[in-house]
Amino acid sequence: MAGAVSDALLGAPLALERGRAVLVSFVSARTKREERDTLRRIDLRFRVLVEDTA
């Protein structure tokens with residue numbers, strides 16, 4: 001699942017109210033189990049460089 005989210009963010013233009021994303025890069029991922037080990041949480045971090053077009 002995390003791989004699909006990462007691919008979607010890296011492969012598609014981001015809709016911004018102002019400016020445009022000129023670079024999106026993956027930074028890190030962290031997983032942990034929650035609530036009696038029945039759920040797994042995946043935190044993904046990305047760095048986005050935004051160019052102001054106004």
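This is a predicted model: local features need pLDDT of at least 70, side-chain atom pairs count only at pLDDT 80 or more; totals for chains, interfaces and linings use all residues.
## The aromatic pair

Let's start with the rings. A pair of aromatic rings is described by the distance of the centres and the angle of the planes. The structure holds 1 aromatic pair.

## A salt bridge between the strands

Next come the charged side chains. Side chains of opposite charge can pair when their charged atoms come close. The structure holds 4 salt bridges. One of them joins the side chains of Arg20 and Glu51, at 2.9 Å from N to O. Arg20 belongs to strand β1 and Glu51 to strand β2, so this pair ties together parts that are 31 residues apart in sequence.

Arg20 is partly exposed, given its relative accessible area of 44%, and Glu51 counts as partly exposed at 36% relative accessibility.

## A network around Arg41

Which residues are linked in a network of salt bridges? They are Glu34, Arg41 and Asp43. Arg41 takes part in both of the contacts described here: its side chain meets that of Asp43 at 2.8 Å, N to O, and that of Glu34 at 3.6 Å, N to O.

If you colour the model by accessibility, here is what to expect for this trio. Arg41 counts as partly exposed because its relative accessibility is 38%. Glu34, at 27% relative accessibility, is partly exposed, and Asp43, at 25%, is partly exposed as well.

## Val48 in strand β2

Finally, have a look at Val48, which is found in strand β2 (residues 39-51). With 37% relative accessibility, Val48 counts as partly exposed.

Which residues does Val48 touch, not counting residues up to four places away in sequence? Its contacts are Leu14, Ala21, Leu23 and Val24. For a sense of distance, take Arg30, which lies 18 residues from Val48 along the chain: the C-alpha atoms of these two residues are separated by 19 Å.

Note on methods. Residues are numbered from 1 along each chain as its sequence is written. Side-chain values use heavy atoms; hydrogens and water are left out. Helices (H or I, at least four residues) and strands (E, at least two) are DSSP runs, numbered from the N terminus. Buried means under 20% relative accessible area, exposed over 50%, partly exposed in between (1.4 Å probe, protein chains only). Contact means heavy atoms within 4.5 Å. Rings of Phe, Tyr and Trp (its six-membered ring) pair if their centres lie within 6.5 Å; planes under 30 degrees apart count as stacked, over 60 as edge-to-face and the rest as tilted.
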